[in-house]
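Work through the exercises below with the structure open beside you, and try each task before you read its solution.

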Amino acid sequence: MALKLSQWSVRMLQFNRWSTSRLMSTLPELEYIKVEKCGTDGRVGLVTLHRPKALNALCSPLMDDLMTALKLFDADQKVGAIVLTGSGKAFAAGADIKEMQPRDFPENFRENFLSQWTDMVKISKPILAAVNGFALGGGCEVAMMCDMIYASEKAKFGQPEITLGTIPGAGGTQRLPRAIGKSRAMEMNLTGDMIDAHTAEKWGLVARVFPADNFLDETIKIADKIASKSKLTVAICKQATNAAYESALSEGLATEKRLFHATFATQDRKEGMTAFVEKREPVWQDN
Ligand code: CAA
């Protein structure tokens, strides 16, 4: 059961190599999600999907846990970036088919089924997906709701909903064409076939592919680098970059200009440029 942020005390449990040194939280204890802090001084939040018996199928309680974890890290002023990964052979094998099997249309319509998944895109800090294995259906869609996707060479991506007599319901028909183009997305959505990590990289779904034994450490390193910047400026930059997805070019450019101008109202913009002029490293206040 999720506990309040104020109860979330953090203690040091292990220090091995830099990248595997983790600050483990005593709390919150979630049923389907593991939450840890890692990176320099614990400034990276690590969220691990952990429902191994069902290949991390995204049942409703797991999605509730995931949102709890993401919101906790979003509210934690020490955390500058979040890494979301899976466990075992799956990132996530999709929405829970056994949970969906008895549902009907009126129920879906009344409850606006799966609409709460979109809350992920309201997180203001960058979320990096570190995809270890199967990212199928809702699993691929959750990865696409993250800000960037890194993959182990063992990762596989697909939208197999068509094989179940349904269609993607959490962005697969919308985010996938934007990521890889219409023909490739159409092929994936209409055949249900999987693509491997290198194809996903070639097609632009994935930023980079890493060897299976260090893909998580490599992703954490990138998250740690992002977390070393001004958290305020990073959040503004994420919002501006996302405008490229949500709007026409002229509208996106106007948003960018407005947010660019707004950075000149921040202490961190003054500090960043002053540090450059004074030939020193900036000291961010996140203000
Ligand atoms: N939902 C519920 N349970 C799932 C699941 C899912 N999406 N995917 C796997 N599981 C369960 C299996 O039922 C099995 O449980 P049991 O041992 O109790 O039978 C367990 O996880 C292990 O799975 P497999 O034995 O099938 O493992 P495998 O290695 O042989 O195959 C796989 C792996 C190819 C990923 C296969 O499990 C599979 O095809 N899974 C379904 C993938 C899928 O269709 N995803 C889309 C779901 S619909 C969706 O996501 C809609 C949306 O847009 C939001």
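Predicted model: local features only at pLDDT ≥ 70, side-chain atom pairs only at ≥ 80, totals over all residues.

**Exercise 1. The ligand and its shell**

Task: Find how many residues surround the ligand, and describe the shell by class and by element.

Solution: Begin with the count, which is 24 residues around the ligand, with Lys89, Ala95, Gly138, Glu141 and Glu161 as the closest. Next, sort the shell by class, which gives 14 nonpolar, 4 polar and 6 charged residues.

Then turn to the polar contacts, where a pair of N or O atoms must lie within 3.5 Å. A polar side-chain atom of Glu141 is 2.7 Å from an oxygen atom of the ligand, a polar backbone atom of Ala95 is 2.8 Å from an oxygen atom of the ligand, and a polar backbone atom of Lys53 is 3.4 Å from an oxygen atom of the ligand. As for cover, the ligand has 980 Å² of accessible area on its own, and the protein covers 66% of this area.

Last, look at the elements: α2 (97–100), β8 (134–136) and α4 (138–145) are those that give two or more residues to the shell, and α2 gives the most, with 3 residues.

**Exercise 2. The largest pocket**

Task: Give the volume of the largest pocket, and work out which elements and domains supply its lining.

Solution: The volume comes first, and the space in the largest pocket is about 970 Å³. The lining is made of 35 residues, and those nearest the centre of the pocket are Cys146, Asp147, Lys238, Asn242 and Tyr245.

For the elements, at least two residues of this lining come from each of α4, β9 (148–152), α5 (175–180) and α9 (231–246), while α9 gives the most, with 12 residues. For the domains, domain 1 (27–227) and domain 2 (231–277) each supply at least three residues of the lining. By class, the lining of the largest pocket holds 21 nonpolar, 8 polar and 6 charged residues.

**Exercise 3. The second largest pocket**

Task: Which residues lie closest to the centre of the second largest pocket, and which element gives the largest share of its lining?

Solution: Start again with the volume, which is about 560 Å³ for the second largest pocket. This pocket is lined by 26 residues, and Ala95, Met100, Glu161, Thr166 and Ile167 are the closest to its centre.

At least two residues of the lining come from each of α2, α3 (105–111) and α4, and the largest share, 3 residues, is that of α3. Sorting the lining of the second largest pocket by class gives 14 nonpolar, 8 polar and 4 charged residues. To link this with the first exercise, note that Ala95 and Glu161 are also among the closest residues to the ligand.

**Exercise 4. The cavity**

Task: State how many cavities of 30 Å³ or more the whole structure has, and name the residues that line the largest cavity.

Solution: The search finds 1 cavity of 30 Å³ or more, and the largest cavity holds about 40 Å³ of space. The lining is formed by Leu58, Ser60, Ala95, Asp96, Glu99, Met100, Phe113, Leu114, Gln116 and Trp117. By class, 6 residues of this lining are nonpolar, 2 are polar and 2 are charged.

Notes: Residues numbered from 1 in each chain as written. Heavy atoms only, no water. Near = heavy atom within 4 Å. Polar contact = N/O pair within 3.5 Å; in protein donor to acceptor, adjacent residues only side chain to side chain. Areas by Shrake-Rupley, 256 points an atom, 1.4 Å probe, with all protein chains shown as cover. Helix = DSSP H or I, 4+ residues; strand = E, 2+ residues; numbered from the N terminus. Nonpolar A, V, L, I, M, F, W, Y, C, P; charged D, E, K, R; others polar. 1 Å grid on protein atoms, 1.4 Å probe; cavity = no way out; pocket = protein on both sides within 12 Å on 5 of 7 lines; lining within 4 Å. Points joined across faces, edges and corners; volume = space filled by probe spheres on them. Domains from an automatic or database assignment.
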